[in-house]
Amino acid sequence: MLKINQIWNNILLEAEAKTTTLAYDLYINSLQPVGIHRDRLILLAETRALKNIVDNNYREVLKRCTNMVFPSLVDVEIITEDELDKVSAEQEVDIPVSANYVNDTEEKATFVSAYTFENFVVGKSNEYADAVARAVAENPGTKYNPVFLWGGVGLGKTHLMHAIGNTLQRNFPEKKIMYVTCDQFINEFIESVRDTSNNSNSMKNFRDKYRKLDVLMMDDVQFLANKDSTQEEMFHAFNDLYLADKQIILSSDRPPKEIKIEERLKTRFAMGIIAEINPPDLETRIAILQKKCNNKGYVLNIKVLSMIAEKITSNIREMEGMLNRIISYSTLVGGDPNDLNIVNDALKDYADSSSDIITIDHIVKATCDYFRVKREDLIGKKKNKEIVVPRQICIYLICDILGQSVPLVSIGEYFGGRDHTTVMHARDKISEEIKTNDITASQVKDIRDKIYNR
């Protein structure tokens, strides 16, 4: 069973790619999903004016996006609050998630149409992952299997997976393809277990659904951590598909060896191709912005694009959000998006909020100030105890505070080109030590408080 918000979020992905930023921000994203009534998606508009604008200008595109993602939904209806009593809409519905899978009735999967290889900007940070993805899309289940894509948030893992899906559908329309998030897989498994008392076939149906596929694509597999029963199901599904030469494509925000799952599953995830996606360099970030502008008809000069690319270094989605903010603001005030005064006004709120964003530099500075050591010593090669302990604590805090937004490889490079295994050792060592050593725990707490200005 799918909740209405899950359905609407999938439709929004498609609608965002097919409308202007201004239309999406002002009108479409302002709608609230109410439920499903018969074969129609019911959407609530805050005002009668908003309802009229959407009905007259965007209802058809919403209808197409809805039908593309969920073919069983043939129409959308926009209502206002005074019409709510007239609609008895369901909040949870059992409809095929055709954006995610093909079921036994041969209903075709639909992936986000904007996520294609043509729209994926390739640079040094992602060229290997792109090459692997293209090879799999052309010849699934052969040379590269399984494929494991990993990297930080907003770097293009989901884009590549949808690009694979779009290409597979075009080249192999007869294949059964499923794209599913790990969270969805876990929830489906739990529901199947719960439903066993009412339906003796619930677990069989769940297993058949996943083991009779030609291609399984699962996003965010790191969420399998500490889910022992779900790991067991994944292990058997993986084995059945792999032994039958069916293609398996997985993504995560960390490599297989860093996911807290049982060893036999970890080794299977790592037995094929592991492709890391790193944060793009400045030139690639500018190229990504240029591609976004071309796709949406924006006209921005290189100076503005460079300004955005220099502000955002590790998250493509956030970079695109800044681009959209400039376009939306300039349209609303009737200004030129290439006017730096307009750009600065558009990003004023962002600048205020981003001043609170914690970076590696902030954490390093706080650590140096606390231990009274020089920055060049902390990130350098010295190995005396007076430097090693602060360095390990600093690395632990970077990993703990910034999470997967900064890959271990990048942290290692920051600290004098160290290997990512050295970073892992420092992180894990301090993580264990703060549980048993009051002095270390106190030092970590003091520096953390300093970072957060507490």
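Reply: Two strands pair if DSSP finds at least two bridges between them. Strands (E, at least two residues) and helices (H or I, at least four) are DSSP runs, numbered from the N terminus. This is a predicted model: local features need pLDDT of at least 70, side-chain atom pairs count only at pLDDT 80 or more, and totals for chains, interfaces and linings use all residues. Residues are numbered from 1 along each chain as its sequence is written, and side-chain values use heavy atoms, with hydrogens and water left out.

Start with β7 and β8. These strands run parallel and are joined by 5 bridges, with β8 spanning residues 215-219.

Now the whole sheet. It is open, has 5 strands and pairs in parallel, in the order β7-β8-β9-β6-β10. β7 (177-181) and β10 (273-277) are the edge strands, each pairing on one side only. On average, neighbouring strands are turned by 15° against each other, direction ignored. Axes here are lines fitted to C-alpha atoms, for helices over the stretch in contact, and angles run from 0 to 180 degrees between N-to-C directions.

Next, the helices. Contact means heavy atoms within 4.5 Å. Helix α5 (residues 127-138) lies across β6 (147-151), β9 (247-252) and β10. Its direction is at about 135° to β10. Helix α6 (residues 157-171) also packs on the sheet, touching β6, β7, β8, β9 and β10. The direction of α6 makes about 165° with that of β8.
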